[in-house]
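Visitor: Could you take me through the sheet, the helices and the core of this model, giving the cut-offs as you go?

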Amino acid sequence: MPITTLQIPTPDGPADAFAAHPDDGERHPGVLMYPDAFGIRPVVREMARELAGHGYYVLVPHVFHRHGPAPLVELPEHIGEEARTALVARLMPLIEAHTTERIVSDADAYLGFLTTRPEVAAGPVAVTGYCIGGLLAMRTAAAHPDRVAAVAGFHGPVVAGGPDSLRGLLATLTAQVHLGHAEADMTPEALGELNRALDAAGVAHTSEIYPGTLHGFTMADTDAFHPEALQRHWDRLLPLLSRTLGAN
């Protein structure tokens, strides 16, 4: 799948981005993919290519564009635990500065850009995200119930804001949802509370703990990588997109 380097106009300046898409001259359903906190890098490009190979136009933005162009930090080829701790410490101020207002403003810009690309088919889109990107995906879907038909989050902190924040998030959500939680991030009791909240909000969903996983299990360039869980992620994500958007 070809990769196209892009810049997305936002109210706070351009955001670096790339798109992966089939090179067949056809229009395909659009998917907005939020990376994890480590951002755009080879493993994310490969995941976008994999998804695009199933018949989607996949747009991946540089989330922390207000702080400079990507990459903001130099990443090792493999992110071991020691490197991860140091990188998270450097990135945490950026995460904390990425307020709900900024998330929603960027989501408006990203979806506006995605849905007007000539390669993207008319109709609803999907949003998926990893780590902090999972929370961004949920907030994007909640802010745009008329545009987003499906949302998926993997090892994302969707309950980090507490029950009141979660209820507010779910109040406007109409998309079909899949949430894949790391076993190290989510207790069975917390999962039960989250799923009851999804049920109470009338959200069509699957939400489950992926057994034996650590935070970051989808990312092949980290110590947390879990090959079986990555495949489970595809086994959940692709049918969700097929049901809601079509394609393969």
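The questions and answers below go from the sheet to one of its strands, then to the helices and the core.

Guide: This is a predicted model, in which local features need pLDDT of at least 70 and side-chain atom pairs count only at pLDDT 80 or more, while totals for chains, interfaces and linings use all residues. Residues are numbered from 1 along each chain as its sequence is written, and side-chain values use heavy atoms, with hydrogens and water left out.

Visitor: Which are the edge strands of the open sheet?

Guide: The sheet is open and mixed in its pairing, with 8 strands in the order E1-E2-E4-E3-E5-E6-E7-E8; strands are DSSP runs of E with at least two residues, helices are runs of H or I with at least four, and both are numbered from the N terminus. Two strands pair if DSSP finds at least two bridges between them. The strands that pair on one side only are E1 (3-8) and E8 (205-210).

Visitor: How many residues of strand E5 are buried?

Guide: Buried means under 20% relative accessible area, against over 50% for exposed and partly exposed in between, with a 1.4 Å probe and protein chains only. In a regular strand the side chains alternate between the two faces of the sheet. In E5, Val125, Val127 and Gly129 are buried on one side, and Ala126, Thr128 and Tyr130 on the other. For E5 (residues 125-130), the number buried is 6 of 6.

Visitor: Are H4 and H5 parallel or oblique to each other?

Guide: Axes are lines fitted to C-alpha atoms, for helices over the stretch in contact (heavy atoms within 4.5 Å), and angles run from 0 to 180 degrees between N-to-C directions. Under 35 degrees counts as roughly parallel, over 145 as roughly antiparallel, 65 to 115 as roughly perpendicular and the rest as oblique. The axes of H4 and H5 (residues 162-171) come within 8 Å and cross at roughly 50 degrees. The two helices are therefore oblique.

Visitor: Which residues does leucine 173 contact, leaving aside its neighbours within four places in sequence?

Guide: Leucine 173 is one of the residues in the largest core that touch the most other members. With those sequence neighbours left aside, its contacts are Met138, Ala141, Ala142 and Val203.

Conventions:
Core = buried A, V, L, I, M, F, W, Y, C linked by side-chain atoms within 4.5 Å.
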